[in-house]
Amino acid sequence: MMRSESTFLFVPSGERGHAVDRRMHSALADSLKYLTTAVPELARRAGLTPAEVDKQLIRLAEQRFAPHVFARYYELVPQVEAGQLDAAADHFGVIVRAEPLAGDRPRICGIEDPPLREVADLYRSKLDTDPQTDFRLLQPDDAELDRAQRLLESASRRFEPVLSDGFAELRATVSEVIVAVGEPGSPYQFGGASSYMLWGALLLNAQRMEDERAVTISLMHEAAHTLLFGQTIDEPLVLNGDDEFYDSPLRSDPRPMDGIFHATFVSARMHQALAMMLQSDALSDDEREPTVSDQQLSERAFLDGLEVVREHGRLTPTGREVMAAAEAYMNN
């Protein structure tokens with residue numbers, strides 16, 4: 001287990017991000033190996049030989065694959081449990097025939113762009129998992145998508161020298177930045193999202209991407225959630241049930257403890273990123289005041305969340321270590 005002082009802070013060259021990404025892929029390969037042993041019918045129905053399956057499992061553990069591979073795993077497991085082997089075999093076949101990703105920078109695309117069109121609904125099902133905040137993910141129009149892509153690229157060029165380790169960590173854990181918009185008139189509009197079941201994907205709302213500063217903050221925010229997902233391979237962060245709700249530091253509605261833990265950790269991470277931005281000369285004079293305000297809000301959110309976590313959270317050893325590291329940073 002990592003020492004608490006190294007669990008929280010950005011690590012040079014995205015070292016921890018690469019390690020977490022490898023562990024996620026290795027865990028996927030191990031689980032699929034178990035499934036093929038327990039249910040050999042899967043490979044047969046998918047038209048695959050044992051040699052083909054074994055070769056891909058090795059690649060899954062050693063290389064990087066698109067988020068849809070993880071999403072399909074979370075589809076096929078309940079299908080196997082329900083005895084729906086033909087449906088499960090379809091997903092299994094796609095996973096085993098998938099090719100590793102090339103390059104080390106996330107691709108940017110709309111949720112209905114050709115690279116994602118066939119898996120758009122699968123992605124939606126893994127990103128829209130909160131029964132309290134149902135939202136639809138729609139394709140941005142051409143102008144919105146073009147502006148979002150240009151902002152993401154220019155924000156990276158401008159702020160990567162300031163947040164070099166943060167961007168390295170993002171590249172190590174995120175392979176797709178998905179751009180979408182919400183349904184007009186919906187009472188809930190998202191800013192961004194990520195999901196343990198869609199490892200490697202980061203969702204942003206094209207209509208909430210105001211400028212390079214805001215885009216950078218959104219990237220660091222969702223990347224922090226992603227990193228935290230990667231800390232829970234061996235055990236969860238909290239033992240509180242999903243039906244236990246408490247006041248959240250970042251939401252007006254009560255949230256499960258896992259969500260509050262995430263929000264608290266991410267608030268500290270955002271404080272750190274904003275501090276690095278303020279200590280640089282990358283911000284314009286007009287950008288400094290809102291950045292200071294954002295940092296103060298992050299500090300308040302962390303303290304509010306920490307109070308709830310301390311009072312009601314039943315943390316695992318992993319959860320205690322992660323939160324202790326965040327608290328140590330904020331205390332300093």
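## Helix packing and a few well-placed side chains

The buried residues of α9 pack against α2, α8, β4, α10 and α11 (257-278). This is a predicted model, in which local features need pLDDT of at least 70, side-chain atom pairs count only at pLDDT 80 or more, and totals for chains, interfaces and linings use all residues. Residues are numbered from 1 along each chain as its sequence is written, and side-chain values use heavy atoms, with hydrogens and water left out.

A word on terms before we go on. Helices (H or I, at least four residues) and strands (E, at least two) are DSSP runs, numbered from the N terminus. Buried means under 20% relative accessible area, exposed over 50%, and partly exposed in between (1.4 Å probe, protein chains only). Contact means heavy atoms within 4.5 Å.

Back to α9, which spans residues 164-173 and is mostly covered, with 8 of its 10 residues buried. Among them are Phe 167, Glu 169, Leu 170 and Arg 171.

The axes of α8 (residues 142-159) and α10 (residues 212-230) come within 9 Å and cross at roughly 85°; axes are lines fitted to C-alpha atoms, for helices over the stretch in contact, and angles run from 0 to 180 degrees between N-to-C directions. That makes α8 roughly perpendicular to α10, a label for angles of 65 to 115 degrees. On the α8 side, the contact includes Leu 151, Leu 152 and Phe 159, while α10 contributes residues including Glu 212, Val 215 and Leu 219.

Asp 211 sits in the loop between β4 and α10 and is partly exposed, at 31% relative accessibility. Asp 211 and Leu 151 are 60 residues apart in sequence, yet their C-alpha atoms are 6.8 Å apart in space. In strand β4 (residues 201-205) we find Asn 205, which is buried at 1% relative accessibility. Leaving aside neighbours within four places in sequence, Asn 205 is in contact with residues including Ala 180, Gly 182, Gln 189 and Phe 190.

The expected span below is 1.5 Å times one less than the number of residues.

| Helix | Residues in helix | First to last C-alpha | Expected span |
|---|---|---|---|
| α4 | 13 residues | 19 Å | 18 Å |
| α5 | 15 residues | 22 Å | 21 Å |

In α4, the buried residues are Val 53, Gln 56, Leu 57, Arg 59 and Leu 60. Seen down the axis of α4, they fall within an arc of 165°, so they line one face of the helix; the arc is that of the directions from the helix axis to the C-beta atoms. The face turned away from this buried side carries the exposed residues Pro 50, Ala 51, Lys 55 and Glu 62. Cover for the buried residues of α4 includes α2 (15-38), α3 (41-45), α5 (67-81) and α6 (85-97). As for α5, Gly 83 follows this helix and has a positive phi, near 80°.

- The side chain of Gln 56 makes a polar contact with that of Arg 59 at 2.9 Å.
- A polar atom of the Gln 56 side chain lies 2.8 Å from the backbone oxygen of Ala 98.

A polar contact is a pair of N or O atoms within 3.5 Å; within protein, one must be able to donate a hydrogen and the other to accept it, and residues adjacent in sequence count only if both atoms are side-chain atoms.

Definitions and conventions: Angles under 35 degrees count as roughly parallel, over 145 as roughly antiparallel, 65 to 115 as roughly perpendicular and the rest as oblique.
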